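Please open the structure below in your viewer and keep a selection panel at hand, as each stop names what to pick next.

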Amino acid sequence: MCIAAPAKILEIDDDTAVVDFGGVRQQVKLDLVEDVEKGKYVLVHSGYAIEVLTDEAAKESLEAWAGLLKVLDEEE
Amino acid sequence: MKNLSREIVSRIEEISMPVKIMHVCGSHEHTIMQHGIRSLITKEVEVVAGPGCPVCCVPSVEINECVYLARQGVTITTFGDMLRVPGSNGSLSDAKADGADVRIVYGINNAVEIAEKIEKDVVFMAAGFETTAPTTASEIISEPPENFSILSCHRLIPPALEFLIESGEVNLNALIEPGHVSTIIGTKPYIPFSEKYGIPQVVAGFNPFDVLIAIYMILKQLKEGKAVVQNEYRRVVKEEGNVKAQKLMDEAFYIKDKQWRGFPEIPDSFYEIKAEFSHVNARENFDIEIEEFEDVVTGCICGPILRGVARPEECTLFRKECNPMNPIGACMVSKEGTCNIAYRYGSI
């Protein structure tokens, strides 16, 4: 039930925003996050943005996981 | 893609050892089953599912409270998964079939919108862990309409972890921590479990790579004799979590002991609405009469499954009397329930 998905903010109107989940648009509430602006990505859970994400985080690329393994190796 | 998963799996094989790792998230169980992760890694690395489904953890007594209100003519709003969770007196779905006004919403904001449109009393049954509790807190504080109130079923993950570790029933060696609960609470609340019990912990995301890397990180800690909290899901989870959401929860809720389905009372594991907001608390606004009952379904092993000591396949009802069309236990109802997931993805 704690499912959450990244979405891009298209418009902001006071404490709500219209976001885009790669084609599907939805209205979400912004009460739980700070420093949001149009074009940024947020993590959305049950109609509320619960975290602001960087563009790279939202896109979940293979390079990111490969990069994480590298970081772990370097942490040794 | 194959190369990356092979790379992680071979790293796991290199440092594999007999270990029992528990995760406490329905989404992790979903990822593990859908991608056959248990069959990808060495058998001695055992990954067990704990109480990771907030819908499954709501005990019959709280379902009975809601069913009572629904049958009294109150409009009940809640997440879709809650409708078929069995109480001792039937489910909300049964009440709806008998004519009660039970409506599915996507979030609490939709429940408030319903209350704004109708004159009847509207109650939102608020289930969920720390991921969902801030959404409820924000509506409690923002003065919802007078005909709107909330029946809190919100539960906290860290006290359940401590209960499981303390009980020793599962014998767990390490924990994979839930990524979206951690998005809110951060990584610090887990630190005492590593320090006090010597348990390695990794906060993980929900992609199969995330889960595989988390398993690798845990094995690496064990191999090196470490027991710390690491953050695999660092692209989302901050060490301090979502501070704004934490403040809203502190403002709206107090924490109390509460029973979970499959568990006795767990100390400090439940968010109840503070007295200053009692006008939004359905338990204060209505006289809810619940009869005494036996909270046991003959043959159902939801309890041991939620505590991570049994798998669905060990239940004599699984895939027979109990299936997603006709769930007998709570773990078969929700798509996040261990039995429902095992039914859908079989023995991959």
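A nonpolar core is a set of buried Ala, Val, Leu, Ile, Met, Phe, Trp, Tyr and Cys residues joined through side-chain atoms within 4.5 Å, where buried means under 20% relative accessible area with a 1.4 Å probe and protein chains only. This is a predicted model, in which local features need pLDDT of at least 70 and side-chain atom pairs count only at pLDDT 80 or more, while totals for chains, interfaces and linings use all residues. Residues are numbered from 1 along each chain as its sequence is written, chains are lettered from A in the order in which they are written, and side-chain values use heavy atoms, without hydrogens and water.

Select Ile76(B), Leu92(B), Phe148(B) and Phe253(B), which touch the most other members of the largest nonpolar core, a set of 107 residues. To this core β5(B) gives the most, with 6 residues; strands (E, at least two residues) and helices (H or I, at least four) are DSSP runs, numbered from the N terminus. Apart from it lies another core of 30 residues, including Leu4(B) and Ile218(B).

Next, colour the open sheet of chain B, whose 4 strands follow the order β4-β3-β5-β6 with parallel pairing, two strands being paired if DSSP finds at least two bridges between them. Because β4 (102-104) and β6 (148-154) of chain B each have a single partner strand, one side of each is left without a neighbour in the sheet.

Finally, zoom in on Thr75(B), which stands opposite Val122(B) in β5(B); β3 (residues 75-78) and β5 (residues 122-128) of chain B pair in the parallel sense over 3 bridges.

Methods. Buried means under 20% relative accessible area, exposed over 50%, partly exposed in between (1.4 Å probe, protein chains only).
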